[in-house]
Amino acid sequence: MSDVLGEQKRYYAERAPEYDDWWYRRGRYELEPDALARWQADVAEAEAALEGFAPGGAVLELAAGTGIWTRKLVRLADRVVAVDANAETLALNTPAAKLVQADVFSWHPAERFDVVFFSFWLSHVPQERFDAFWGLVRSALRPAGRVFLIDSSAGDKAHTGTDQEGELETRTVADGRAFRIVKRRWEPDELADRVRPLGLDVDLTMTANGSFLVGGSR
Ligand SMILES: C[S@@+](CC[C@H](N)C(=O)[O-])C[C@H]1O[C@@H](n2cnc3c(N)ncnc32)[C@H](O)[C@@H]1O
């Protein structure tokens, strides 16, 4: 598994310059008009859910990437610490956050936060690291701290990967190079039930068109 996690890290380093094309549905990630309208409605729903959650105070963002959500968090919170393993993604993130290059599987927070946020990250956490990852989340939270997450949902019909095999998937970058990554799409209740014994009570929903899993602490 550590080989795959290394490959997954490299995949996102190589994909950094084209990453936002997926979110904004440009180039090879373009969608037909109907599918695009559904995607955009789900994006708006996810954005509204985050605004409704009101992530104030000090926010930790894990696997922050190019900053699609970091740029929203810095508007909503007092300050944001954004961690990602790759210099290539962080170079495209916003200087309005404190950017930290570190591997989430070995990093330990030096302070506690009001909110821990991660988007399109949990689905890349393999089963064998799942409990330890949530241990990191808990250890980063102040006593009344809250968690919020956004991810691909099990209802997502527009998968960008191929060759799904167990929790592994093969992805390609624009030049055709292929990488194995972890990709586990959760159902809302299934995930809430899985994290409750780990000490976190989360309320999750699927966006109306099934693209995303969204939610956070009750
Ligand atoms: C699917 S992207 C999500 C980026 C961002 N959260 C977003 O929603 O746009 C996954 C991110 O995880 C980062 N990453 C991969 N392996 C990592 C690791 N072991 N520790 C920290 N970040 C990692 C990648 O560099 C990439 O930016």
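**Notebook: overall fold of a predicted model**

I first looked up the overall size: the protein has a radius of gyration of 16 Å, which agrees with the value near 17 Å that a compact globule of 218 residues would have. The radius is taken over C-alpha atoms, and the globule rule is 2.2 Å times the number of residues to the power 0.38.

I noted that this is a predicted model, in which local features need pLDDT of at least 70, side-chain atom pairs count only at pLDDT 80 or more, and totals for chains, interfaces and linings use all residues. Residues are numbered from 1 along each chain as its sequence is written.

I then read the extent of the C-alpha trace, which spans about 45 × 35 × 35 Å along its principal axes.

I looked up the secondary structure and found six helices and ten strands. Both are DSSP runs numbered from the N terminus (helices: H or I, at least four residues; strands: E, at least two).

I followed the sheet next: seven strands form an open, mixed sheet in the order S3-S2-S1-S4-S5-S10-S9. Strand S3 (98-101) and strand S9 (202-206) are its edge strands, each pairing on one side only. Two strands pair if DSSP finds at least two bridges between them.
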